[in-house]
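Me: I would like to go through this model by question and answer. Please keep each reply brief and end it on the value or name I ask for.

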Amino acid sequence: MKRYGRRTLALELAMIAAALFVGFPVYVLVNLAVRPTSDTSSPISPTTSPTLDNFTQAWQQGALGGALANSLLVTVCSVVVVLAVSSLAAYPLARITARWSRGTYLTILLGLALPFQLASLPLYQTMRDLGLLGTPWALVLFYAGLQVPFTVFLYVGFLRALPGDFEDAALIDGCTPLQSFRYVVLPMLKPITVTALVLNTVAVWNDFFTPLLYLSGSAQQTLPVAIAGFVGQYVTDWNLIFAALVISILPVLLVYFLLQRSIINGFAGGLKG
Amino acid sequence: MALAPHKRLVDKDRPPVAAPDPRPRPARTAPPWWFALPAMLLFAFVVLVPSVRGVYYAFTDWDGLDPDFSFVGLDNFAAMLDDPDAKQAVWHTLLIAVAITVVQNAVGLLLALGVNSAIKSRNLLRVFLFAPAVITPIVTAYLWRNLLGPDGAVNSLFGAVGLGGWRQDWLGDPELALWSVVGVTVWQYAGYSMVIFLAGLQSVPKEIHEAASMDGAGPVRRFWSVTRPLLAPALTINLMLSIIGGIKLFDQVYALTGGGPGHATDTISTLIYKDAFTLGEFGYSIALAVVLTIIVAVVSAGQYAALSRNERAAS
């Protein structure tokens, strides 16, 4: 190990400067969110008499509680569905080498390259015909299908690197294939399930385009759409808007700082695959 | 077909770990094909069938509502050639994608090298620098819309440190707005590239570095000859992700500039949205989505070919 020399110190300072640069917008965000509207001093000077009024007002007028609950419902349901169907599908797709299995897998991978605008515009019409537009279930269905290619890709890659001996033993001992999946394969998949859980949750929670289309005009918004509506309504009242932004960022950051190790590893490991 | 004997795929480039079992495996050990059915049905309903229908609509004059529409052949694509907005959007999309890819990966690599070094705050910095990547993009875009305003925090900061001459109308100036979008996107995702590069850096064995160091290689030489080739897989993934993400970019443009001023920052994605939902030109808009798909496909295929050649050369 090298000594902590002058060069390391310079690097340390440079990196801290970079971090301050990255953190600057967050400082301004919080600084303006706690500032009364009457205070019109420069956005970078610290607020002298901070207040929490903006938060209560934004919470009530933006109907953020309902949006938060909707986002939670959509995210939990679609992530649970996509993890369940993808891990189950990965089992035969990774283990069977027949032509249909490879063909199916390649078709699914094709889905990774398709931009979602192509599918989501025609699907809009189908959802309308089914009467699902404006409900969170349209979104659950959409994300569960949209995230299949990526999630199956993660699971199949992981499963192929594992030996099949445990499953074979379980099947020879009289397990049904479903039991072998439930008690042998699924526990072995745990590390990649954590990665897939993190990546899918972030993708679904943060998505804006699809709920903008599918929920427009409905009372049941997800958080990103509710925020966009709020910004449109209070165009000039940035202190109020910033309070709403803080409220919407808070849960994400809280979860991130609690689980940062597995989230960062998930991003690095899952995509390195 | 579902009863095919259970064989595992063998990576051809690597020798098998154990000698293959000469006994044929019993047929019943293969998991049944219908395990894949729920995922396939969802995938077909949400992605496959609508995409195929989308390609069909691209050749019609459908407005999104009227059940009466007619097949117009290549008219939508021909119309694009006469549509200055569409041509500009394609150009902006490519420009944004390339700029984001270059800047985000350069910054991400520098950050990764920094937090992979012996500095004391490295663990804290990793957590902190990655944080923007998990925040909802539409939210960060609204935040930056205020920061980059004429009286926003960025201009105030320049004023406060005596660089008042650098004050700009970052989003209102058509010449600048596109680069502001790139800057905000890089701010959000540089930490993302950093984490992937970091994972690559940590797979570089320390011994090789020490050996090279003892042979008299300086830090630059060590980076170029030892680290760089071993980073090739991480670079491949990072380039793929950032260029495809850049081509599809929607949220940042929508929230920062709405495509404006004028059409100065419209990309294919924002134009698809506007044409479909504010102008009711569904057929035309889906034709734009087909063009977007073709661009993504060509870029990914080209990049995949170039980078896998590069990875082979590096290893």
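Me: Which residues does Asn206(A) touch, not counting residues up to four places away in sequence?
Reply: This is a predicted model. Asn206(A) is found in helix α10 of chain A, residues 190-206. Its contacts, leaving out residues up to four places away in sequence, include residues of chain B, and the list is Pro224(A), Val134(B), Ile135(B), Thr136(B), Pro137(B) and Asp251(B).

Me: Is Asn206(A) buried or exposed?
Reply: The cut-off for buried is under 20% relative accessible area. Asn206(A) has 7% relative accessibility, so Asn206(A) counts as buried.

Me: How many residues does each chain bring to the contact, and what area is buried between chain A and chain B?
Reply: The contact takes 98 residues from chain A and 93 residues from chain B. Met15(A), Leu118(A) and Leu121(A) supply 8% of the area that chain A buries against chain B, more than any other three residues. Carbon and sulfur atoms give 78% of the area buried between the two chains, which is about 8700 Å².

Me: How many salt bridges and how many residue pairs in polar contact does the rule find across the interface of chain A and chain B?
Reply: For salt bridges across the interface of chain A and chain B, the count is zero. For polar contacts, with both residues at pLDDT 80 or more, the number of residue pairs is ten.

Me: Which helix gives the most to the side of chain A that touches chain B?
Reply: By class, that side of chain A has 73 nonpolar, 15 polar and ten charged residues. The helix that gives the most to the side touching chain B spans residues 6-33 of chain A and supplies 16 residues: α1.

Me: Which residue meets Lys274(B) in a salt bridge?
Reply: Over all chains the count comes to two salt bridges. The N to O distance is 3.0 Å, and the partner is Asp266(B).

Me: How many of the ten residues of helix α12 of chain B are buried?
Reply: Helix α12 covers residues 268-277 of chain B and is mostly covered. Its buried residues are Ile268(B), Ser269(B), Thr270(B), Leu271(B), Ile272(B), Tyr273(B), Asp275(B) and Ala276(B). The number buried is eight.

Me: What is the radius of gyration of chain B?
Reply: Chain B has 13 helices and zero strands, and buried residues make up 51% of its 315 residues. Along the principal axes, its C-alpha trace spans about 65 × 65 × 30 Å. A compact globule of 315 residues would have a radius of gyration near 20 Å, but the value for chain B is 25 Å.

Me: What is omega near for the cis peptide bond from Gly260(B) to Pro261(B)?
Reply: Pro261(B) lies in the loop between α11 (251-256) and α12 of chain B. The bond from Gly260(B) to Pro261(B) is cis, with omega near -5°.

Me: Which residue has a backbone nitrogen that lies 2.8 Å from a polar atom of the side chain of Ser71(A)?
Reply: Ser71(A) is found in helix α3 of chain A and is buried, with a relative accessible area of 3%. Not counting residues up to four places away in sequence, Ser71(A) touches Trp205(A), Thr222(A), Leu223(A) and Pro224(A). The backbone nitrogen at 2.8 Å belongs to Leu223(A).

Me: How far apart in space are Leu73(A) and Thr40(A), C-alpha to C-alpha?
Reply: Leu73(A) has its place in helix α3, residues 64-95 of chain A. At 32% relative accessibility, Leu73(A) counts as partly exposed. Leu73(A) and Thr40(A) are 33 residues apart in sequence, and their C-alpha to C-alpha distance is 39 Å.

Notes: Residues are numbered from 1 along each chain as its sequence is written. Chains are lettered from A and ligands numbered from 1 in the order in which they are written. This is a predicted model: local features need pLDDT of at least 70, side-chain atom pairs count only at pLDDT 80 or more; totals for chains, interfaces and linings use all residues. Side-chain values use heavy atoms; hydrogens and water are left out. Buried means under 20% relative accessible area, exposed over 50%, partly exposed in between (1.4 Å probe, protein chains only). Helices (H or I, at least four residues) and strands (E, at least two) are DSSP runs, numbered from the N terminus. Contact means heavy atoms within 4.5 Å. Buried area is the accessible area (1.4 Å probe) that two parts lose on being put together, summed over both. A salt bridge is a side-chain nitrogen of Lys or Arg within 4 Å of a carboxyl oxygen of Asp or Glu. A polar contact is a pair of N or O atoms within 3.5 Å; within protein, one must be able to donate a hydrogen and the other to accept it, and residues adjacent in sequence count only if both atoms are side-chain atoms. Ala, Val, Leu, Ile, Met, Phe, Trp, Tyr, Cys and Pro count as nonpolar, Asp, Glu, Lys and Arg as charged, and the others, Gly among them, as polar. The radius of gyration is taken over C-alpha atoms; the globule rule is 2.2 Å times the number of residues to the power 0.38.
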